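Dear colleague,

Please find the structure below, with the sequence beside it.

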Amino acid sequence: MNRMAPCGLILLFFALSFLVPSLDASEGDADPIYKACLEDCEKSGCVGETCFQHCKFSSDGKPIDGPWYLQEPLYQKWKQWDCRTDCRYHCMLAREEQRGNLGDKPVKYHGKWPFRRVYGIQEPVAVAFSALSLAIQFHGWISFFILLYYKLPLRPNKRTYYEFTGLWHIYGVLAMNFWFWSAVFHSRDVELTEKLDYSSAVALVGFSLILSILRAFDVRDEASRVMVAGPLIAFVTTHILYLNFYKLDYGLNMKVCMAMGVAQLLIWGVWAGVTSHPSRWKVWLFVVGGSLAVLLEIYEFPPYRGFVDAHALWHAASIPLTYICWSFVRDDAEFRTTTLLKKIK
């Protein structure tokens with residue numbers, strides 16, 4: 001979540017909720033009617049009156065019948081929609097329509113709720129909110145940059161008085177990277193996008209922990225910063241490599257993120273309680289807002305009309321939380337700069 005007190009929390013809430021393991025087996029894909037639909041679709045290439053061109057090609061991409069130019073265009077191929085995925089999707093919709101007519105509630109299929117695609121995008125609302133969060137993140141980072149270099153006084157060597165400038169620039173880049181891959185992942189959930197999204201989330205939570213320690217304990221000496229950050233960077237890097245090249249262990253990943261997240265919460269909770277920072281109320285506002293937002297992940301519900309579920313609403317809640325986060329960072333930069341200038345004079 002991940003930016004000082006508030007910033008660390010927003011990414012923490014998102015990453016923890018996002019790293020919950022998904023189950024391959026769900027009530028929906030165990031349904032005999034759904035399974036029969038899949039079997040028939042993979043043979044005929046059709047669900048009802050809807051037929052799929054993917055099913056006219058073998059696994060190596062060669063046409064079973066018809067000329068080569070009937071193959072799917074590249075703009076569809078990159079999403080990796082094939083005969084199986086299209087059969088699953090349309091059988092799911094057909095079965096959910098039947099269940100709805102009987103008054104039954106939606107169920108999960110292959111660990112996921114039945115979302116409706118829009119132009120090939122799996123979860124369009126979550127993608128839209130991720131993109132908005134990315135935009136707000138970019139706005140916050142740019143406004144922070146403008147404040148430091150164009151509004152606040154600079155040192156004679158043109159460097160800022162705020163001691164945590166470089167760290168926040170790194171954080172801004174990591175946060176924007178996170179939201180970008182979040183949007184991509186919700187657009188199409190495949191192994192590559194899953195790994196990129198999870199890795200970017202872990203990197204952001206890890207760096208947020210480093211920031212929380214350095215800022216809360218006011219660590220300004222470069223050697224001391226290296227001593228604090230070095231072991232944590234090594235740990236996070238090793239964990240990301242483990243997930244990507246050895247085993248995508250969801251349970252271990254959850255424990256790692258939970259440990260780093262709880263550490264941040266403890267650090268920032270104590271800091272907000274003892275500091276005289278004029279903007280400490282924003283930390284508490286973010287904590288309360290983030291705690292309420294995370295309830296959407298705990299008490300999930302199926303997507304309304306196939307588009308808006310609890311997770312999508314969490315994405316929506318992250319937008320104002322991100323704004324609050326960067327507001328706090330700007331206030332902190334101004335407060336620290338003013339304090340240092342008074343000491344110099």
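Asp 331 and Lys 282 form a salt bridge through their side chains, with 2.5 Å from N to O. A salt bridge here is a side-chain nitrogen of Lys or Arg within 4 Å of a carboxyl oxygen of Asp or Glu. This pair connects distant parts of the chain, since Asp 331 belongs to helix 11 and Lys 282 to helix 10 (residues 280-298), 49 residues apart. Helices (H or I, at least four residues) are DSSP runs, as are strands (E, at least two), and they are numbered from the N terminus. Asp 331 counts as partly exposed because its relative accessibility is 24%, whereas Lys 282, at 11%, counts as buried. The cut-offs are as follows: buried means under 20% relative accessible area, exposed means over 50%, and partly exposed is in between (1.4 Å probe, protein chains only).

Before going further, please note how the model was treated. It is a predicted model, in which local features need pLDDT of at least 70 and side-chain atom pairs count only at pLDDT 80 or more, while totals for chains, interfaces and linings use all residues. Residues are numbered from 1 along each chain as its sequence is written, and side-chain values use heavy atoms, with hydrogens and water left out.

The search of the whole structure found twelve salt bridges. Another of them joins the side chains of Asp 332 and Arg 215, at 2.7 Å from N to O. Here too distant parts of the chain are linked: Asp 332 is in helix 11 (residues 310-344) and Arg 215 is in helix 7, 117 residues apart. Asp 332 is buried, with a relative accessible area of 0%, and Arg 215 is buried as well, with 5%.

Which residues take part in a network of salt bridges? They are Glu 163, Asp 218, Arg 220 and Arg 336.

Lys 112 is partly exposed, with a relative accessible area of 30%.

**Helix 7**

Helix 7 (residues 191-216) contains 26 residues. From its first C-alpha to its last it reaches 37 Å, close to the 38 Å expected at 1.5 Å a residue. The expected span is 1.5 Å times one less than the number of residues in the helix. Is this helix mostly buried or exposed? Of its 26 residues, 21 are buried, so helix 7 is largely enclosed by the rest of the structure. Asp 218, which follows helix 7, has a positive phi, near 50°.

**Disulfides**

A disulfide is a covalent bond between the sulfur atoms of two cysteines. In this work the term is applied to a pair of cysteine sulfur atoms within 2.5 Å. The structure holds three disulfides.

One of them joins Cys 37 to Cys 91, with 2.1 Å from S to S. Cys 37 lies in helix 2 (residues 32-44) and Cys 91 in helix 4 (residues 83-101), so the pair ties together parts that are 54 residues apart in sequence. The torsion about the S-S bond of Cys 37 and Cys 91 is about -85°, so this disulfide is left-handed. Both Cys 37 and Cys 91 are buried.

Another disulfide is formed by Cys 41 and Cys 87, whose sulfur atoms are 1.9 Å apart. Cys 41 is in helix 2 and Cys 87 in helix 4, so this pair ties together parts that are 46 residues apart in sequence. The torsion about the S-S bond of Cys 41 and Cys 87 is about -75°, and the disulfide is therefore left-handed. Cys 41 is buried, with a relative accessible area of 0%, and Cys 87 counts as buried at 0%.

Cys 46 and Cys 51 form a disulfide with their sulfur atoms 1.9 Å apart. The torsion about the S-S bond of Cys 46 and Cys 51 is about 100°, so this disulfide is right-handed. Cys 46 counts as buried because its relative accessibility is 17%.

Yours sincerely
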